[in-house]
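Here is a short report for a reader who is new to this structure.

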Amino acid sequence: MSQQDQALIFEISKEGRIGHSLPELDVPEVDVNDLLPSQFQRTKEPELPEASELQIVRHYTALSNRNHGVDSGFYPLGSCTMKYNPKINEDVARFPGFAHIHPYQAESTIQGALELMYKLQNSLAEITGMDEVTLQPAAGAHGEWTGLMLIRAFHEANGDHHRTKVIVPDSAHGTNPASATVAGFDSVTVRSNEKGLVDLDHLREVVGEDTAALMLTNPNTLGLFEEQIVEMAKIVHDAGGKLYYDGANSNAILGITRPGDMGFDVVHLNLHKTFTTPHGGGGPGSGPVGVKKDLVPYLPKPQVVKEGETYRFNYNIPQSIGRVKPYYGNFGINVRAYTYIRTMGPVGLRKVSEYAVLNANYMFRRLEPYFDAPYTQHCKHEFVLSGRRQKKLGVRTLDIAKRLLDFGYHPPTIYFPLNVEECLMIEPTETESKETLDEFVDAMIQIAKEAEENPEIVQEAPHHTVIDRLDETTAARKPILRYTKES
Amino acid sequence: MKFRYLPMTEQDQKAMMDTIGINDLEELFDDIPKEIRFKGELNIEEALDEIQLVKEMRRLSDKNLNIKEYTSFLGAGVYEHYIPSIVNHMLLRSEFYTAYTPYQPEISQGELQAIFEFQTMICELTGMDIANSSMYDGPTALAEAAMMSAGQTRKKTILVSKTVHPEAREVLKTNAKGQNLTVVEVDEKDGITDLDHLASLYNDDTASVIVQYPNFLGNIEDLTAIEKIAHQGKGLFIVSSNPLSLGLLQPPGKFGADVVVGDVQPFGIPTQLGGPHCGYFAVTTKLMRKVPGRLVGQTTDEHGQRGFVLTLQAREQHIRRDKATSNICSNQALNALGASIAMSALGKHGVKEMAAQNIQKAHYAKEQLRKQGVEVVYDSPTFNEFVVRLPKPITEVNESLLAEKIIGGYDLSRDYPEKENMMLVAVTELRTKEEIDQFAAVLGGVK
C-alpha cells in the first residue's frame, strides 16, 4: 500500500465522458413534456460521475488495493469468523437460474430455487437441532429481532402479556440488547462469574414471571462453552421463559453439539460467518432462524414446503408474526451457503469445528506466556487475552492492533467483550494453516517485546499503511458525510 | 476424507496437541456435557467433489426459467436493467468482498471511500443532505424510517398510503408491532393516494406520512400536495423512491421530504429472487444523529492527509446497546459498492438516458396495448410501470404469455382484492420494440 491521496470518483470526472453503452431508443420518441407535467420534471441534474470505463476500473482497482480482505491475509477478527470464502460459491450464485430470476415469477418456473431453499431449511434445522427454519432474515441482528418477535408472539398467544424482560449476559454482543429493545422488550443483564460463564445464582435471581427469554451465545463471546447450559435451560424454562441462541459462534459446534439439544427454543445463524458466505465489507449477510415445534405457528410468511415432487411457498400461517423482509430473504447468499454445505457434508462440517477449536487453543497456549489470560480453561473457536500487562508499559491494546497492521494482519477484535480490560479477542478459523498461525503468534510476541523495549514503535504504529491514524474526534464533531464540489 | 478448505495435516495436528498438552482432540470438548454431545453424523447430504457439486448446482439452476432467456415484463419493486460488465469484475476484487466492516480504517480506506462516494451519489439523486451506508433493502429501510419518525416525534401513529409496496407495508406492520406503534393505511383513489382521506387521518399522534414515488401502481404521486398535509403537524414526511426514476423526476428532497428511502437494486444488482438487494436511507441535516446504520465521514490523519472513517457511532447498537433505536449491524455494503460502480459507469449522462428510455418505452407499450384494445387503467403520469385490465384472471393470462416465452406482469389481485384481472406491467430499457409489440399482441388476443 502506498501512502498517497486517492482521488474521489467525482474528482476524476470530466464533462462529456461516459462509461456505459445503452442502445439507441428503438421506439418513437415522445416529447417528455407530453409524458411528465413540468412540476414532476427534475430541474437540476444529479452530479454523478462522468468517467470512461477504464478510468472507473482503475479507480475501483485502486480502492481495492487500499483494502484488506481474507484473501489478502490473516484476519483473526474475533466473533466474526473470517474464514475463506470459496470461489465456487461465487460462480454458482452467478448461474443465470439463480442470479436472474424474479421473485414474482410463477412457482412452477422457479422450482430449482424452491428446492434449494427447502433443502437449505432442512439442512440448517438438522445442524442446529431445530424443527423448522425460516430463511427470511437478512443478517444476524435481523435474525435476533425476528426470533424475539416469535417469542413475543408465543407468549402473547398464551396470554402472557407480562413477559416483558429479556435476559442478556454482560458479555453479550451489543446487538442482543438492541434487538430486545426493537422487539419491544426491556433487557436485563445477568453477570458472568470468575470463570467467564453465566453466574447461575444471579440468573436465578433475575429470572421470574416477567421473563420472556434468555439470549445466549454458546460458546460465549469469551470463546468459552457455557457448561451449565442444561441447568440454565431448566431455570429459564421452569420460569416459563424461552431460550434464544445467538449463532454468531456456531463455528465451534458443528456436528459436536446442537442448540436444539442444549435446550434452546430459537436459533439464528450468521451464514456469512459459519457458512462461508462473504462478509462483503459489511454485508449482505443472511440470518436464518430455527425454532422448536411450539414456535413454528408464528414463523414469518412465507415458508417453502414440499408437496409430492413440487415445491411451493406457504402463505397460510394464520398466527405468523408477518413479514420481516420482502420476498424470500437474501436468496443469493443462501445459494452460497447451500453450496458450502454440499461441499463439506456431515463429515466435513464436523472437521470444521474440530480444527477451528484446535487452532484457537494452539494459538492461545503459544500466546499465554506473553499476555494476560483472564480465563485459562480450554477455549472453543476463539479466545480472549488482556493487554493489562502492556498497558502498564504505556502500550494500549489499540496500539497493539495498529502495530499488527505493519505485519500485514487484520487485528483481532479489540475492547470487546466489555467485561475484559484491554481485551483482544482472537478467532483464527479452521481455514488457516499452522504456518500462518505461527507467523501471527511470532508477530504478537515481537510486539509484546517491543512494548517492553521500544514502546514508541508500537505507540506510533502503523508505519506502513496508506494512511496513519485518523482523527475520529473531528470526524464526529464536524461531520463531512458527502463530497461537495468546490466552486 | 480430505477437504480443500482445511489445511490441517496429521503432523500439524500432533504438534499442536503437544503444545496444548492434550493427547486427544476430544479433550478440548470435555466441557460440553455428555448428554448434549451430538452422536453420530448429521443427517445432511454427503459431500460432493467440485465437479459433482457444479453439476448438482447447475441442475437446480436449470430448473428455473430465467429472465435472460425469457422476456420479462415483471417489476413491482424488482427490476431487470442493463448491468455494465465492469460491475461484476470490480465486485470480484476480493479485497472488497472478503473484507468485513471497516473497523480498522488504515487498511479499509478502499471500502470506506467507496461508501463515502455511495453516500454522495444517493444525496445527489434524492436531493437530500445525508445518506447512510445502506440498509438491507427498500422495505426494511422504509420500516426503519417509520421507527425513526416515532423516536424523533415521540408520536405513535404511522400513516402509510395503500399505494406503497404491499410487502413494504407488511414489513412495516411487523416492525411497528415490536415498537407498539399503530399503522394506519391511507386509501387509494384513481391509482394515487386519496388526499382527502390522508388529511382526515392526520392528527396530533401522527409520527409520519409515508408515500411511494412513483407509487406501487406506477403512478406519480403529487408530493407537493402530500407534503402540505404531512407537515401540518409535527409528523415527518417519508418518501420511498425508485432511484432510477430520479434521473428524470424532481427528487423528493425538492418537495420537502424529511426522509427518502428505497432500493438501489435498479443500479447494477441482479434480481436474484428478491435478494440480496440494497436499501438506501437519506435524510435532512436535522435528522443526522437519528439515522440508523453506518455512516462514513471524511477526516484527516496526523499529517493532514485525507481519509475516511466510520463516524457518529454513538447512534449505533454496539455503543448504545439497549438504548439503541435500531439494531442494524451488517447491512448490504457489497451491494452498495455494486450500485456505486453501476452509477459511476452510467454516470450523469447514463442515469438520465436510462431513465428517459424507461419512460419512453413504457409509454410506447401503453400505446401499443391501447391499440390492441387493452384497457390502461389510470390516467396519471407514470415512469416505467402502469396498470392494465384484462378480461381474464392474470394467472391465466400469464400462462398464455409463458407459452410465448414471455413472463407477464404482476397480478395486482394478490394484494388488492378489488383489482381483479389487473396487471402491473414494467417496461425497462432492456425491452425492444419487437418484444413490446409481441407482448401487446398477445395481451390484445386475450378474450
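A residue counts as buried if 20 or more other C-beta atoms lie within 10 Å of its own. In this predicted model, helix α7 of chain A (residues 175–182) has eight of its eight residues buried, so α7(A) is largely enclosed by the rest of the structure. The buried residues of α7(A) are A:T175, A:N176, A:P177, A:A178, A:S179, A:A180, A:T181 and A:V182. After α7(A) comes A:G184. The phi of A:G184 is positive, near 90 degrees.

## The annotated lysine in chain A

An unreviewed UniProt entry places the feature "modified residue: N6-(pyridoxal phosphate)lysine" at A:K273. Where does A:K273 lie? It sits in the loop between β6 (266–269) and β7 (289–291) of chain A. Is A:K273 buried or exposed? A:K273 counts as buried, because it has 26 C-beta neighbours inside 10 Å. Leaving aside residues up to four places away in sequence, A:K273 touches A:C80, A:T81, A:A248 and A:N251.

With β5 of chain A (residues 242–247), β6(A) pairs in the parallel sense over four bridges. Here A:Y244 stands opposite A:V266. With β7(A), the pairing of β6(A) is antiparallel and runs over three bridges. In β7(A), A:V291 is the bridge partner of A:V266.

| Strands | Sense | Bridges |
|---|---|---|
| β5(A) and β6(A) | parallel | four bridges |
| β6(A) and β7(A) | antiparallel | three bridges |
| β16(B) and β17(B) | antiparallel | two bridges |

## Chain B as a whole

Chain B has 447 residues, and buried residues make up 61% of them. It holds 13 helices and 17 strands. Its C-alpha trace spans about 80 × 55 × 50 Å along the principal axes. Among contacts in chain B with a separation of 6 or more, 73% join residues 24 or more positions apart.

An unreviewed UniProt entry gives the annotation "domain: Glycine cleavage system P-protein N-terminal" to residues 4–442 of chain B. That span is 36% helix and 16% strand. Its end C-alpha atoms lie 52 Å apart.

In which order do the four strands of the open sheet in chain B run? The order is β13-β14-β17-β16, with antiparallel pairing. The edge strands of chain B are β13 (375–376) and β16 (410–411), and each pairs on one side only. In the pairing of β16(B) with β17(B) (residues 422–426), B:D411 stands opposite B:M423.

Helix α11 of chain B (residues 333–371) lies across β13, β14 (385–389) and β17 of that chain. It runs at about 10 degrees to β14(B).

## Where the chains meet

How many residues of chain B are in contact with chain A? The number is 166, and they contact 171 residues of chain A. On the side of chain B that touches chain A, α11(B) gives the most, with 23 residues. The residues on this side of chain B divide into 76 nonpolar, 54 polar and 36 charged.

Technical notes:
Residues are numbered from 1 along each chain as its sequence is written. Chains are lettered from A and ligands numbered from 1 in the order in which they are written. This is a predicted model: local features need pLDDT of at least 70, side-chain atom pairs count only at pLDDT 80 or more; totals for chains, interfaces and linings use all residues. Two strands pair if DSSP finds at least two bridges between them. Two residues are in contact if their C-beta atoms, placed from the backbone, lie within 7 Å. Axes are lines fitted to C-alpha atoms, for helices over the stretch in contact, and angles run from 0 to 180 degrees between N-to-C directions. UniProt positions are given in the numbering used here, feature names are shortened, and annotations may be inferred rather than shown by experiment. A residue is buried if 20 or more other C-beta atoms lie within 10 Å of its own, exposed if 12 or fewer, and partly exposed in between; C-beta atoms are placed from the backbone. Ala, Val, Leu, Ile, Met, Phe, Trp, Tyr, Cys and Pro count as nonpolar, Asp, Glu, Lys and Arg as charged, and the others, Gly among them, as polar.
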